[in-house]
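Please read these notes with the sequence and the model open beside you.

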Amino acid sequence: MSQRVSAQLGLRDRSTLLGVPDSRLTPPSSGRSSPFDPSAGGQRYADDLEGQNDEQVANLTTKVKLLKDITIGIGNEVRDSTMQLSQMNDAFSETGDILSGTFRRMNNMAERHGCRWMWYIVFLVFVFWFFIVVWWFRR
């Protein structure tokens with residue numbers, strides 16, 4: 001077990017994986033600092049960079065989790081909205097069926113009673129208009 005842990009720690013330590021750079025193979029300095037720059041502390045500078053990388057990975061992990069939670073929330077909202085729209089569609093189709101039946105019965109009544117039903121509607125419209133006018137002037 002301890003060999004496995006030490007092997008994993010060895011894989012996480014980049015300096016052991018990459019080795020100490022050979023000065024003959026190192027390109028000329030470009031003004032940037034190198035993680036293996038002997039004047040900057042060498043291993044300590046690489047450890048600092050490793051720590052910064054770990055912090056940034058932790059920050060990115062947090063942001064990815066936040067985005068994942070947001071997308072799951074959006075998916076749930078879409079699913080709920082779709083179900084609600086489906087229910088509304090069913091309700092509107094039932095209402096349309098009820099209204100079409102009502103208009104069909106009204107047309108049958110109109111055909112049976114002739115033109116008398118139209119006078120009833122005109123009378124109701126006149127009474128409704130009268131109440132609106134009275135209400136308007138009493139305000």
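Which residues form a nonpolar patch on the surface?

1. The patch. The model is predicted, and on its surface Leu66, Leu67, Ile70, Ile74 and Val78 form a nonpolar patch. Together these residues have about 480 Å² of accessible area. One of them, Ile74, has its place in helix 3, which covers residues 43-113.

2. The overall fold. The chain has 4 helices and 0 strands. Reading along the sequence gives the pattern α-α-α-α.

3. Confidence. The mean pLDDT of the chain is 79, and 70% of the residues reach 70 or more. Among the elements, helix 3 has the highest mean pLDDT, 91, while helix 1 (residues 2-12) has the lowest, 50. Where pLDDT is low, the predicted coordinates should not be read in detail. Please keep that caution in mind when looking at helix 1, with its mean pLDDT of 50.

4. Exposure of the chain. Of the 139 residues in the chain, 4% are buried. The accessible surface comes to about 12,900 Å². Carbon and sulfur atoms account for 64% of that surface.

5. Helix 3. How far apart are the end C-alpha atoms of helix 3? They are 103 Å apart. The 71 residues of this helix should span 105 Å at 1.5 Å a residue, so the two values agree. The buried residues in helix 3 are Ala46, Glu50, Gly101 and Ala110. After helix 3 comes Gly114, which has a positive phi, near 75°.

6. The salt bridge. The count for this model comes to 1 salt bridge. Its partners are the side chains of Asp69 and Lys65, with 3.6 Å from N to O. Side chains of opposite charge can pair when their charged atoms come close. Both residues lie in helix 3, and they are 4 residues apart, about one turn of the helix. Are the two partners buried or exposed? Asp69 counts as partly exposed because its relative accessibility is 41%. Lys65 has a relative accessible area of 52% and is therefore exposed, the cut-off for exposed being over 50%.

7. Helix 4. This helix covers residues 116-138, which is 23 residues. From its first C-alpha to its last it reaches 34 Å, close to the 33 Å expected at 1.5 Å a residue. Why does helix 4 lie largely in the open? The number of buried residues among its 23 is 0, so helix 4 lies largely in the open.

8. The record. An unreviewed UniProt entry lists residues 117-137 as "transmembrane region". In the model, the chain over residues 117-137 is 100% helix and 0% strand. The end C-alpha atoms of this stretch are 31 Å apart.

Note on methods. Residues are numbered from 1 along each chain as its sequence is written. This is a predicted model: local features need pLDDT of at least 70, side-chain atom pairs count only at pLDDT 80 or more; totals for chains, interfaces and linings use all residues. Side-chain values use heavy atoms; hydrogens and water are left out. Patches are made of residues with over 30% relative accessible area and no salt bridge: like charges are joined within 9 Å, nonpolar side chains (Val, Leu, Ile, Met, Phe, Trp, Tyr) within 5 Å. Accessible areas come from the Shrake-Rupley method with a 1.4 Å probe; for residues, only the protein chains shown count as cover. A salt bridge is a side-chain nitrogen of Lys or Arg within 4 Å of a carboxyl oxygen of Asp or Glu. Helices (H or I, at least four residues) and strands (E, at least two) are DSSP runs, numbered from the N terminus. Buried means under 20% relative accessible area, exposed over 50%, partly exposed in between (1.4 Å probe, protein chains only). UniProt positions are given in the numbering used here, feature names are shortened, and annotations may be inferred rather than shown by experiment. pLDDT is the predictor's confidence in each residue, from 0 to 100. The expected span of a helix is 1.5 Å times one less than its number of residues.
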